[in-house]
Amino acid sequence: FDVFHVGHINILERASKLGDYLIVGVSSDKLNFSKKNRFPIYSEKDRVKIISSLRFVNEVFIEESLELKLEYIKKYNVDLLVMGDDWAGKFDWVKSNCEVIYLPRTPSISTTEIIEIVRSI
């Protein structure tokens, strides 16, 4: 995420209810740049601190690459991978190692829109 908002809280809280231990991968600054061609608003250090502060998050790690998703799944002994539905189908390739669920995003909330509004003020 670039700007943490209630949509992020909602999806993480729903994810936490699907199991008994929630591990969250926070994209590194480098990974964010490769996906969006710009660095995030908050540094990876700050984003890790924000996510770590949530009571329903048990553990946080820096995700360096989407291609390493299966390695992270194996390293953390993951049974269930939860992603937002904007990623639907993109991680089905790990289904032989764990269940994959794509949760719907919170309607009418967009990081891009928030950033545009702030920039216009």
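## The largest pocket

The largest pocket holds about 1500 Å³ of space. Keep in mind as you explore that this is a predicted model. The pocket's lining is made up of 49 residues, and those nearest its centre are Leu12, Gly25, Val82, Met83 and Gly84. Several elements each supply two or more residues to that lining: helix 1 (6-16), helix 2 (29-36), helix 3 (44-52), helix 4 (69-75) and helix 5 (111-120), together with strand 1 (23-27), strand 2 (59-63) and strand 3 (80-84).

Which element gives the most to the lining of the largest pocket? That is helix 1, with 6 residues. Sorted by class, the lining has 23 nonpolar residues, 14 polar ones and 12 charged ones.

Let's turn to the nonpolar cores. In soluble globular proteins, nonpolar side chains tend to be buried together. Here, the largest nonpolar core has 12 residues. Its members are Phe1, Ile11, Leu12, Ala15, Leu22, Val24, Val26, Ile51, Leu54, Phe56, Val57 and Leu103. Helix 1 and strand 1 are the elements that give two or more residues to this core, and helix 1 gives the most, with 3 residues.

Side chains of opposite charge can pair when their charged atoms come close. How many salt bridges does a search of the whole structure find? The search finds 4.

One of them joins aspartate 29 and arginine 47, with the closest N and O atoms 2.5 Å apart. Aspartate 29 lies in helix 2 and arginine 47 in helix 3, so this pair ties together parts that are 18 residues apart in sequence. Arginine 47 has a relative accessible area of 0%, which means that this residue is buried.

Lysine 69 and glutamate 63 also meet through their side chains in a salt bridge, at 2.7 Å from N to O. Is lysine 69 buried or exposed? Lysine 69 is buried, because its relative accessible area is 6%, under the 20% cut-off. Glutamate 63 is buried too, with a relative accessible area of 6%.

## Around aspartate 92

Aspartate 92 sits in the loop between strand 3 and strand 4 (99-103). Its side chain meets that of lysine 95 in a salt bridge, at 3.7 Å from N to O.

Where does the loop residue make its other contacts? Leaving aside its neighbours within four places in sequence, aspartate 92 is in contact with Val100 and Tyr102. Aspartate 92 and leucine 81 are 11 residues apart along the chain, and their C-alpha atoms are separated by 9.8 Å.

How values were computed
Residues numbered from 1 in each chain as written. Predicted model: local features only at pLDDT ≥ 70, side-chain atom pairs only at ≥ 80, totals over all residues. Heavy atoms only, no water. 1 Å grid on protein atoms, 1.4 Å probe; cavity = no way out; pocket = protein on both sides within 12 Å on 5 of 7 lines; lining within 4 Å. Points joined across faces, edges and corners; volume = space filled by probe spheres on them. Helix = DSSP H or I, 4+ residues; strand = E, 2+ residues; numbered from the N terminus. Nonpolar A, V, L, I, M, F, W, Y, C, P; charged D, E, K, R; others polar. Core = buried A, V, L, I, M, F, W, Y, C linked by side-chain atoms within 4.5 Å. Buried < 20%, exposed > 50% of the residue type's maximum accessible area, 1.4 Å probe, protein only. Contact = heavy atoms within 4.5 Å.
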